[in-house]
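Have the model open in your viewer while you read.

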Amino acid sequence: MKLLSVFTALVAAGSAAAFAPAKVASRSMVSTNMAASEELYIDEERRFLMNLILVGSAALTVGAIGIPYIAFFVPPGAGGGSGGTPAKDALGNDIFAQAYLESKPANDRSLAQGLKGDATYLIVKEDKTLEKYGLNAVCTHLGCVVPWSSANNKFMCPCHGSQYAPTGAVVRGPAPLPLALAHCDVADDGKILFSPWTEDDFRTGGKGWWN
């Protein structure tokens, strides 16, 4: 009986010893898995943050390049009276309608700096008010600046003999097209403004060739 008791005790002790390391190993594996899950969660957060930074940087770069490029093709004003480019004199000063009209005679056609810096005629009507359009002074033949001849009441190009009526319509070649039109308006502060002429050309009845 003593021998049987000793044997039973040894078996019980062996069983306890056999199962004890397994419990420690199980806890170690759980701890390892939890640590790995936490590291994976942190990595996902970092990856999301880095992607967000990259996308934001790309959007800012594209916007900084694309917006000015698009804006370049948008005209500064459209149609008559809604904004425009101030007319400037030979010194680059803005031209004010009241002072300008006081200094010019009726039927005067004098040059100012207009759209895109082109030489553009301001037209004073018989009643000493500004005409609602200005005339681009660049000859449509080969690009010379066409002077106004008050004695002949027309524009006469000295380069190749082209002539234009007071409205800028061609009366003699070789110029193939009339002088380009621009809207001419007076702003609330009195400045004379030029803006693109997008309507039909009233001299030809068709679309303006400059559009």
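Arg203 has a relative accessible area of 17%, so it counts as buried (buried means under 20% relative accessible area, exposed over 50%, and partly exposed in between, with a 1.4 Å probe and protein chains only). Its salt-bridge partner is Asp201, with the closest N and O atoms 2.9 Å apart; a salt bridge here is a side-chain nitrogen of Lys or Arg within 4 Å of a carboxyl oxygen of Asp or Glu. Asp201 is buried as well, at a relative accessible area of 1%.

A word on the ground rules: this is a predicted model, where local features need pLDDT of at least 70, side-chain atom pairs count only at pLDDT 80 or more, and totals for chains, interfaces and linings use all residues. Residues are numbered from 1 along each chain as its sequence is written, and side-chain values use heavy atoms, with hydrogens and water left out.

Back to Asp201, which sits in the segment after β10 (192–196). Helices (H or I, at least four residues) and strands (E, at least two) are DSSP runs, numbered from the N terminus. What is Asp201 in contact with, leaving aside neighbours within four places in sequence? The list is Pro178, Leu181, Gly206, Lys207, Gly208 and Trp210, where contact means heavy atoms within 4.5 Å.

The salt-bridge count comes to 3, and here they are:

| Pair | N to O distance |
|---|---|
| Asp94 and Lys88 | 2.5 Å |
| Lys191 and Asp94 | 3.0 Å |
| Arg203 and Asp201 | 2.9 Å |

Shared partners join Lys88, Asp94 and Lys191 into one network. Asp94 is partly exposed, with a relative accessible area of 23%, and Lys88 is partly exposed at 25%. Lys191 counts as partly exposed too, at 22% relative accessibility. The salt bridge between Lys191 and Asp94 links distant parts of the chain: Lys191 is in the loop between β9 (181–186) and β10, Asp94 is in the loop between β1 and α2 (97–103), and they are 97 residues apart.

Now zoom out. The chain has 2 helices and 10 strands, and along the sequence they follow the pattern α-β-α-β-β-β-β-β-β-β-β-β. An open sheet of 6 strands runs in the order β1-β10-β9-β4-β3-β2, with antiparallel pairing. β1 (85–86) and β2 (109–113) stand at the edges with a single partner strand each, so one side of each has no neighbour in the sheet. Two strands are called paired if DSSP finds at least two bridges between them. Strands β3 (residues 119–123) and β4 (residues 133–136) are an antiparallel pair with 2 bridges. Tyr121 has Leu135, in β4, as its bridge partner.

Over in strand β5 (residues 148–149) you'll find Ser149. Is Ser149 buried or exposed? At 15% relative accessibility, Ser149 counts as buried. Its side chain makes a polar contact of 2.8 Å with the side chain of Asn152. Beyond the neighbours within four places in sequence, Ser149 is in contact with Lys154 and Met156. Pro166 lies 17 residues away from Ser149 in sequence, with a C-alpha to C-alpha separation of 9.6 Å.

For the outside of the molecule, look at Phe48, Leu49, Met50, Leu52 and Ile53, which form a nonpolar surface patch with about 540 Å² of accessible area together. Patches are made of residues with over 30% relative accessible area and no salt bridge, joining like charges within 9 Å and nonpolar side chains (Val, Leu, Ile, Met, Phe, Trp, Tyr) within 5 Å. Met50, one of that group, is found in helix α1 (residues 2–72) and is partly exposed, with a relative accessible area of 49%.

Finally, some whole-chain totals. Of the 211 residues, 27% count as buried. The accessible surface comes to about 13,700 Å², with 65% belonging to carbon and sulfur atoms; accessible areas come from the Shrake-Rupley method with a 1.4 Å probe, and for residues only the protein chains shown count as cover. Among contacts between residues at least 6 apart in sequence, 45% join residues at least 24 apart.

Note on methods:
Polar contact = N/O pair within 3.5 Å; in protein donor to acceptor, adjacent residues only side chain to side chain.
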